[in-house]
Amino acid sequence: MSRISGIVGLTLGCVLMVFSTMDLRAQSTGRILFDLSPAGTTSYVLDGKYRMSDRQLELMEGPHRFVFWAPERRMLDTTIVVLGGGQVDVRIELRYSEEYIAWRRSAERANVRNAWLRYAPPVIMAGSAVMVVLSVMKHEQAFKDLNALTGEYRSSVDPARITAIKREELPDAKSTLAKTRTGLIASGSVFALSTAATFYLRHRARADATAPFEDKERVRFEGLVYAPLPQGAVWGASLSIPLAR
Amino acid sequence: MKYNLLPMVLMVVALLACRKDDVVIDQLTNNPFDVDYTGASVFEVVDTYMVTENIPGVGAISRQAIRFRVRSDRFLPEQSGLPYQVFVREIASGGAVYLDPSAPGSDVFIFLRNQVSPGIPVCLELALANNFSSARPETICVTL
């Protein structure tokens, strides 16, 4: 009996020792040092419960789930094993999200297009305004030349000169006047069109500014945090409203 | 708003600057010095008479003078007082000469023929001239 009780006692003692050893092992912690890129804006959710941005963590040993995220970056869902009494240096570099890359390409294309639309019409308008002024001056000179020849016809007493005026110089002057009138109308039309285009595009550019980037990864990152509580698990959701717009 | 007005002002200036060409070359025929002149005759006969000149060593020579007037009142106002000549061609003989007025500033010209043809009409082709180019020719005929 005493032997049996001794065996039971030994067994209980071993069991207690095993339990105490397990307890000691469960209490062991390790340290994680993060080197995060982009620095300053990267945050993470630890084990689906805690949203943090600390660069140094003291955790119980064993695997831990991390979901890293930074604005405009793709989420990184990974598991890090913490060694008891040890230190793990973890370098995390988040890549740009596909949505952000697509948005940035689209924004760059829109910027180039908007730059053309914004700056080309005013440049054309200024150029055509100069052309209008030059055309007015040329047209006025051609009109003066025509009038001078008409006046010379009326005052000349030289038959050969009169013949030259009528056969050659007046037709040339009339042709020049017609050409300068065409040039004036053309440059005036270009000026009118470019002026209208300038005002229209300026008005449209104000109303049609490039839409800001909507970070869907952020919605996913912030949207769902699972928090198992003693009373029951909770899914936490959040909503971001950009007030700067 | 001020900047919006500027292009409009420039447009209006451009529109107002558009000049109309109302010169019709074919209708420029009112200058008497023009070959294409279509107005009334500018020459009129004054008279014709015989002139006798005594040339030493040769003797007396008779010539026929034909006096005519240019209607300078039919000139354009801008041509008033400007000097000119008259091209004269005797139709029968073909002889031609550029004449100056009989007196400076006068509109009267005198053409002297070397022959005298009493009772026979003498026709002359006259044209206003300058710098050896002549305008529309007209014909006058006189009989001594």
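Let's start with one pair: A:Phe66 stands opposite A:Thr78 in β6(A). The two strands involved, β5 (residues 62–69) of chain A and β6(A), pair in the antiparallel sense over seven bridges. This is a predicted model, where local features need pLDDT of at least 70, side-chain atom pairs count only at pLDDT 80 or more, and totals for chains, interfaces and linings use all residues. Residues are numbered from 1 along each chain as its sequence is written, while chains are lettered from A and ligands numbered from 1 in the order in which they are written.

**Confidence**
- The model scores ipTM 0.87 and pTM 0.62.
- Chain B averages a pLDDT of 90 (pLDDT is the predictor's confidence in each residue, from 0 to 100), and 94% of its residues score at least 70.

**The sheet in chain A**
- Chain A has an open sheet of four strands in the order β3-β2-β5-β6, with antiparallel pairing; strands count as paired if DSSP finds at least two bridges between them.
- β3 (50–52) and β6 (76–82) of chain A are at the edges with a single partner strand each, so one side of each has no neighbour in the sheet.
- From one strand to the next, the twist averages 30° (axes are lines fitted to C-alpha atoms, for helices over the stretch in contact, and angles run from 0 to 180 degrees between N-to-C directions).

**How chain B is built**
- Chain B has one helix and eight strands, running α-β-β-β-β-β-β-β-β from the N terminus on. Here helices (H or I, at least four residues) and strands (E, at least two) are DSSP runs, numbered from the N terminus.
- Of its 144 residues, 23% count as buried. A residue is buried if 20 or more other C-beta atoms lie within 10 Å of its own, exposed if 12 or fewer, and partly exposed in between, with C-beta atoms placed from the backbone.
- β3(B) and β6(B) pair in the antiparallel sense over six bridges, and B:Arg89 stands opposite B:Glu125 in β6(B).
- β3(B) also runs antiparallel to β4 (residues 96–99) of chain B, joined by four bridges, with B:Val86 opposite B:Leu99 in β4(B).
- The hairpin of β3(B) and β4(B) has five residues between the strands, and B:Gly94 there takes a positive phi near 85°.

**Where the chains meet**
- 27 residues of chain B are in contact with 30 residues of chain A (contact means C-beta atoms, placed from the backbone, within 7 Å).
- On the side of chain B that touches chain A, α1 (2–16), β6 (121–130) and β7 (133–134) of chain B each supply at least two residues. The largest share, five residues, comes from α1(B).

**The nonpolar cores**
- The largest nonpolar core has 31 residues, and B:Val86, B:Leu126, B:Ala127, B:Leu128 and B:Ala129 have the most contacts inside it. Such a core is a set of buried Ala, Val, Leu, Ile, Met, Phe, Trp, Tyr and Cys residues joined through C-beta atoms within 7 Å.
- Elements giving two or more residues to this core include α2 (98–155) and α3 (159–207) of chain A, but the largest share, six residues, comes from β6(B).
- Leaving aside neighbours within four places in sequence, B:Leu126 has contacts including B:Phe43, B:Phe68, B:Val86 and B:Val88.

Key: Contact = placed C-beta atoms within 7 Å.
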